[in-house]
Amino acid sequence: MTERLERLLTHLQSSSSGNRRKRRIGFVGFGKVGKFLFEKVREHASLEVAFVCDLFAPETVRSSKDIPDICKIYDPKDIPRTKPDLICEVAHPNVTKKYGAFFLSICDYMMASTTAFADEECSNMLMREAEKSTGNGLYLTTGALWAANDIKKMSDQGVLSELCITMKKHPKSLKLRGDSKVRLDAAKHREGEITLYDGPLRRLCFEAPNNVNTMATAGIAALKTTGFDRTRVRLICDKSLECTIITVDAVGTPTRPNGEGLRVVSDRVNPSIPGAVTGLGTFTTFYTSMLIAAEGKLGDGIHIV
């Protein structure tokens, strides 16, 4: 990850040394991830902030002394006048459900809240808009998902037969609703690992829209095979954890008479403060994704970066 990040930074800096203008980045969402990326753009020689908008907490934008007044946006309809090259969503899946197609009509769009794809109407709308010959692409952040493009390759080739994603977090880091919230409330005073959900991905995306973007991205990568309905996900809480653990278990189609095929299992252990939705190591992956999207070279379509 560090080498990849350094190559991207070098490429962008070399591009800026010529006559190429700075790439303008706009942010929808100004929470911890949004503020982190905002600062990274301000520090970067070939990037500049086009706008900052927070639909759920506009006062954080209004009161910020770091955001220039000219960059403060309160109505998404005003975004086109800022002439962004890339809009980064780091807020909530409802932002994409309501404004995703509009953002894609303006410029490239990077979304962190990939659970929006669990809504079939939303995903169909996004795919239609992304495939239009506008030159604007939809960039999906890998976030905490390890080997997203390997999953996609297997799925695109039709050789991914099973996919299971397990996430373990401290209960204070979970924001749930529905049956999963009921189980979480009952588990808060219990010790050890407690399974809050074990089943198809699509349902959990609606019960944990802020927590399982990693899983949702896996479902998008596997759309041609297991997708959102055949990808199995497990959400587990454990009060002893000071990290987020994500296990990806991908099984290929059988290649031997006994039914065995390729199987890849990976564990990603990310230090995380209890109560934090996003683990510390994932901030860097968001930044790397943003740098790739900021280059604007992949064009139409959906890109996992």
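Buried here means under 20% relative accessible area. All views below come from a predicted model.

**Close-up 1. F36 and F283 form an edge-to-face aromatic pair.** The ring centres of F36 and F283 lie 5.3 Å apart, with 85° between the planes. The pair links distant parts of the chain. F36 belongs to helix α2 (residues 32-43). F283 belongs to helix α11 (residues 280-295). F283 has a relative accessible area of 12%, so F283 counts as buried. F36 has a relative accessible area of 25% and is therefore partly exposed.

**Close-up 2. F30 and F38 form another edge-to-face pair.** A search of the whole structure finds 5 aromatic pairs. In the pair of F30 and F38, the ring centres are 5.5 Å apart. Their planes meet at 85°, so the pair is edge-to-face; the cut-off for that class is over 60 degrees. F30 is buried, at 6% relative accessibility. F38 is buried too, with a relative accessible area of 1%.

**Close-up 3. Y99, F102, F103 and Y109 make up an aromatic cluster.** Ring pairs link these four residues: Y99, F102, F103 and Y109.

**Close-up 4. R62 places its charged end over the ring of Y74.** The charged end of R62 is 4.3 Å from the centre of the Y74 ring.

Conventions:
Residues numbered from 1 in each chain as written. Predicted model: local features only at pLDDT ≥ 70, side-chain atom pairs only at ≥ 80, totals over all residues. Heavy atoms only, no water. Phe/Tyr/Trp six-rings, centres within 6.5 Å; stacked < 30°, edge-to-face > 60°. Buried < 20%, exposed > 50% of the residue type's maximum accessible area, 1.4 Å probe, protein only. Helix = DSSP H or I, 4+ residues; strand = E, 2+ residues; numbered from the N terminus. Lys NZ or Arg CZ within 6 Å of the ring centre and 35° of its normal.
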